[in-house]
Amino acid sequence: AFLQVARSGGFSQAAKALHITQSALSQRVLNLESELGTTLFVRDPKGPRLTDAGTALLRYCRMREQLEDDVVRGLKSGKKAA
């Protein structure tokens, strides 16, 4: 949920992409912020803006995605070689 909001630039667009209501998405992000004990987005009329903590989490999410992509590519190429 966090990553989709950060990518799409808004809660409405992210909710549509995830096929959930905006309310459900907002609650997921609020729950994550509560769990982490920090604010990830500044809710602004022009759209959400990442806080420093949000920027750090986004960086982590992107690195994790890259690692997952690398592993999947490696596994697929290994299967082809077998």
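How many aromatic pairs does the count come to? Two, in this predicted model. The rule: rings of Phe, Tyr and Trp (its six-membered ring) pair if their centres lie within 6.5 Å; planes under 30 degrees apart are stacked, over 60 edge-to-face, the rest tilted.

Take Phe-2 and Phe-41. That pair is tilted, at 5.3 Å centre to centre and 40° between the planes. Phe-2 lies in helix 1 (residues 2-8) and Phe-41 in strand 1 (residues 41-42), so the pair ties together parts 39 residues apart in sequence. Helices (H or I, at least four residues) and strands (E, at least two) are DSSP runs, numbered from the N terminus.

Now Phe-41 again. Phe-41 is buried, with a relative accessible area of 2%. Buried means under 20% relative accessible area (1.4 Å probe, protein chains only). The ring centres of Phe-11 and Phe-41 are 5.8 Å apart with planes at 70°, so this pair is edge-to-face. Phe-11 sits in helix 2 (residues 11-18), 30 residues from Phe-41.

What makes up the largest nonpolar core? Twelve residues, including Phe-2, Phe-11, Phe-41, Val-29 and Cys-61. Such a core is a set of buried Ala, Val, Leu, Ile, Met, Phe, Trp, Tyr and Cys residues joined through side-chain atoms within 4.5 Å. Helices 1, 2, 3 (22-36) and 4 (52-81) each give two or more residues to this core.

Ground rules to finish. Residues are numbered from 1 along each chain as its sequence is written, and side-chain values use heavy atoms, without hydrogens and water. Local features need pLDDT of at least 70, side-chain atom pairs count only at pLDDT 80 or more, and totals for chains, interfaces and linings use all residues.

Terms used:
Buried means under 20% relative accessible area, exposed over 50%, partly exposed in between (1.4 Å probe, protein chains only).
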